[in-house]
There are 2 protein chains.
Amino acid sequence: MSTGTENQVLVIGGGVTGMRTSLDLASLGIRAHLIERDRSLGGLLGQVNRVFPSMRLASDIIGPMISEIEKSETIKVHLSSEVRSLEEHDGLFRASLSVEGGPDIELEAGCIILATGLRPMDPTIIPEFGYGRYPEVMTSLEFEALLRSSERGIKGSGGAPVKKLVFIQCVGSRVERRGLPYCSAVCCMGAIKNALILKDMDPEMDISILYIDIRTHGKGWEDAYRQARKAGVKFIRGQPSMVTKRPRAERLVVCGENTLIKELYEIDADLVVLQVGLEQTLDSRELISMLKVGIRGDGLPDDEQVDGVFIAGSSESPKDIASCMAQAGACAAGAAGYMLRKSSNK
Amino acid sequence: MSTGTENQVLVIGGGVTGMRTSLDLASLGIRAHLIERDRSLGGLLGQVNRVFPSMRLASDIIGPMISEIEKSETIKVHLSSEVRSLEEHDGLFRASLSVEGGPDIELEAGCIILATGLRPMDPTIIPEFGYGRYPEVMTSLEFEALLRSSERGIKGSGGAPVKKLVFIQCVGSRVERRGLPYCSAVCCMGAIKNALILKDMDPEMDISILYIDIRTHGKGWEDAYRQARKAGVKFIRGQPSMVTKRPRAERLVVCGENTLIKELYEIDADLVVLQVGLEQTLDSRELISMLKVGIRGDGLPDDEQVDGVFIAGSSESPKDIASCMAQAGACAAGAAGYMLRKSSNK
């Protein structure tokens, strides 16, 4: 295969999927341009504290990948860069990048791998959960940041240690209005992972997880669910109707119905974590459209195959890290196979 | 890369994962030996009626893959063949195959991809569900076979049309005794898929799905769950305590507790389908051990990486077809990258 631009790949998105894809392409001897709009690689995983099942710091996974990418002679990283246009002509893709503080760049490639990921949705569309109103209500990603900075014990907004914590599952997921119709696939395990970390810090911490269905379908996930129950984490079936404060009270109170025992609950909480759904951004939708891939009503791409185009990781549908890595490898193999076939047909 | 045996791959298992892996290797120009113990390729998927979300016949997916494999000049298929021994020496794997009705074969390879899949467990270990006692109680895979042969309307063991049908979820999954500790990941969607097919055949059919948690975490799965509820499929939370027949009655009766309304149920059924868990076979465990990969208590392989060894598809952990395909591609890329690296280091 020649080293012309028709045999290189543009990987759009520098999260774990885009990084893994670029490294897998490199291992197959294929040049990749890795394009990231932020100033650094890492994506959403870069904002996470620890990952299940190894419970290693996410930075310990991302760090070595970034070093490997920096050392690679076949991966060219473009940071602070956004794809402005993307066109295909005669099997060759042409992309125009706008680069922060620099001139635009034009790139050519034989394949595009889209790995822009999903973004946590804004929970203010569900005002009854109090996000934006109470500083003690935060999103899952904000909670990951809090955990990263305070692994010896978390403190609430007033500085006092958090003794009672509530996770609310499916915030904006699995709904027909005010959110996303699909399951975001990683939020149950995310809450269980953090509940285990918190119980490890403070076995006395009172932790409730308010759920609709517990979805621990991945490898080792059901074990972790069992372990959390044994550690005393309370799993309560039924989303709350509201998160509020009683007059003059300091603590939040989470109100709802336990759908298993048909009783109303009112749970005091120092901190409420909203496990928010993951949505396709408008920018990603635009990129998907530029690539002539159809978009479903829920914002995810159609499954049809467009020549030379591969959609990897969460942009394709919400998935955990292991599944993102697997799809990254599959897309690298797919792109390599596609370009080999094209060059041998010439 | 030379065409010596150190640059070819043994793919063990000719189900959808092994077939996809072999084709992905072929697309990268790598020779593969595809080893299958049965007389034909297809594996578990070959016993399935239709697949979600396309609702195409599984045979329409497998058929073209088999044709492509047969046409490939780089894939050598070994049917009715079992791996008897597997050794690694100096980075080269040597396998001995026993072939039904033929002499043994010795093969060498630079990589092994294990794709032997999982097997539905035997539900007689849970005698209260009546499997083996009542012919109207069958496993999910037996039900797939029934559907394949009777897509215009299913009939019970007595020949009368089935009007009332019950799916029991998590039979032998998610349990600490009498089964597997993990979630088998595909059984919720399997029941929903077939409920939709049945409702399409006969909108009046009375279908109940008895579940613990509904796990529709994949792409389009939650939509299908919603669609099934709209079509009148009853989702009842709570596994039954037993499946039995009243004296002199023809129909089965499924008894249990609805854990949402705290009421006992007794559901008449012409047919009961047990959505049984998926387990690692003893033979696969032996192969995993021969490859020096650790085995967890639940029979699934450890996640550690052994040079030149890749475990793909359900053998790694239960997963749906799309995820099997993705992991197949990732393992093909992994094997190709590994062998390229080795040959360039020489």
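Guide: In this predicted model, Glu222(B) and Arg215(A) form a salt bridge through their side chains, at 2.8 Å from N to O. The term denotes a side-chain nitrogen of Lys or Arg within 4 Å of a carboxyl oxygen of Asp or Glu.

Visitor: How many salt bridges does the rule find across the interface of chain B and chain A?

Guide: The rule finds 12 salt bridges there.

Visitor: Which elements give two or more residues to the side of chain B that touches chain A?

Guide: They are helix H5 (221–230) and helix H7 (321–345) of chain B; helices are DSSP runs of H or I with at least four residues, numbered from the N terminus. H7(B) provides the largest share, nine residues.

Visitor: How is the size of an interface expressed?

Guide: It is often given as the accessible area lost when the parts come together. Here chain B and chain A bury about 3300 Å² between them, with 51% of it on carbon and sulfur atoms (1.4 Å probe, summed over both parts). Of the area that chain B buries against chain A, 21% comes from His217(B), Lys219(B) and Leu260(B), more than from any other three residues.

Visitor: What rotation superposes chain B on chain A?

Guide: A rotation of 180 degrees, with 0.0 Å of shift along its axis, gives an RMSD of 0.0 Å (least squares on C-alpha atoms of residues with pLDDT of at least 70 in both copies). The two copies are therefore related as by a two-fold rotation axis.

Visitor: Which conventions apply?

Guide: Residues are numbered from 1 along each chain as its sequence is written, and chains are lettered from A in the order in which they are written. Local features need pLDDT of at least 70, side-chain atom pairs count only at pLDDT 80 or more, and totals for chains, interfaces and linings use all residues, while side-chain values use heavy atoms, leaving out hydrogens and water.

Definitions and conventions: Buried area is the accessible area (1.4 Å probe) that two parts lose on being put together, summed over both.
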